[in-house]
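Reader: I would like to go through the terms used for this model and see what each one rests on.

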Amino acid sequence: MNIGFMQGRLCERVDGKIQAFPLRDWESEFEVARHLGLALMEWTLDQGCLYENPLMTVAGRQRIGELARLYGVRILSLTGDCFMQAPFYKTSGAARISLLNDLNAVLDASAELGIRYVLLPLVDNGSLTTDEEEQALIEGLLPLRERLIAGNLKIVFESDFGPERLASFIARFPEDAFGINYDIGNSAALGYCAAEEIASYGLRIDNVHVKDRVLGGTTVALGSGNADFPEVFGALRTLGYAGNFILQTARADDGDHAGAIARYRDMTRAWWCGHEA
């Protein structure tokens with residue numbers, strides 16, 4: 001199985017946040033990842049200082065490529081928290097055009113670096129709350145299909161929709177350019193049945209976030225929340241899922257972030273193989 005980690009999980013928190021681009025420490029994570037046997041990293045982008053992120057500069061992309069080759073850590077996916085922090089489909093006029101330009105710039109940079117999946121979070125501030133927002137999203141994204149295919153890219157949605165609604169939603173997008181990021185913890189927090197979700201739209205899942213949350217609550221250590229990992233991994237195995245698993249897990253309270261990721265890596269492997277973690 002292909003296990004990776006969310007950028008920032010192998011270094012100190014940024015301003016106490018569970019997830020944010022680690023501007024000070026981002027280079028150090030490549031070496032730590034190699035020592036842990038993790039060959040995948042999911043990049044992160046925040047709206048604040050978007051164009052200062054190394055991904056968005058020529059020199060930065062060159063440095064990312066050097067580190068990726070040196071330590072054998074590939075970057076095949078990107079979490080666009082920027083799209084959740086400033087959703088184009090909740091604006092209009094010049095503001096919407098500007099945010100769509102940001103999206104296009106991210107797609108260009110991602111294609112150049114060889115990223116395959118660009119995650120657009122339809123949760124929290126990015127949640128679709130009206131039919132008008134959903135229509136604006138569709139109108140903004142469907143014209144990108146050809147450029148996505150040309151760049152070997154897919155936009156994958158992370159959503160708070162229930163199984164039936166998400167299946168209906170993703171059916172409106174062509175599968176050669178759009179898919180789903182399945183977040184185990186988010187679904188657990190919302191009280192969804194994993195087997196029902198995966199049966200409804202599993203063939204559209206391209207990327208999986210491994211995380212645990214309590215019902216109606218926040219992220220917790222793997223195995224201590226409401227996520228039914230044996231059910232999730234069993235359903236994905238039955239489906240024939242062959243994509244990536246990204247550890248978007250709780251941070252270590254004792255500061256041993258590498259140790260926590262190592263434990264979560266081993267637990268994920270055990271669940272995938274049908275064993276007790």
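Author: This is a predicted model, where local features need pLDDT of at least 70, side-chain atom pairs count only at pLDDT 80 or more, and totals for chains, interfaces and linings use all residues. Residues are numbered from 1 along each chain as its sequence is written, and side-chain values use heavy atoms, with hydrogens and water left out.

Reader: Why is T79 called buried?

Author: Buried means under 20% relative accessible area, exposed over 50%, and partly exposed in between, with a 1.4 Å probe and protein chains only. T79 has 2% relative accessibility, so T79 counts as buried.

Reader: Which residues does T79 touch?

Author: Contact means heavy atoms within 4.5 Å. Not counting residues up to four places away in sequence, T79 touches M6, Q19, E42, W43, T44, L45, L119 and H209.

Reader: What makes A194 buried?

Author: The value for A194 is 5% relative accessibility, therefore A194 counts as buried. A194 touches Y182, E231 and V232, leaving out residues up to four places away in sequence.

Reader: What is meant by the largest nonpolar core?

Author: A nonpolar core is a set of buried Ala, Val, Leu, Ile, Met, Phe, Trp, Tyr and Cys residues joined through side-chain atoms within 4.5 Å. The largest one has 82 residues, and those with the most contacts inside it are F30, W43, L137, L141 and F157.

Reader: Which residues is F157 in contact with?

Author: Neighbours within four places in sequence aside, the contacts of F157 include L120, L122, L137, L141, F169 and I170.
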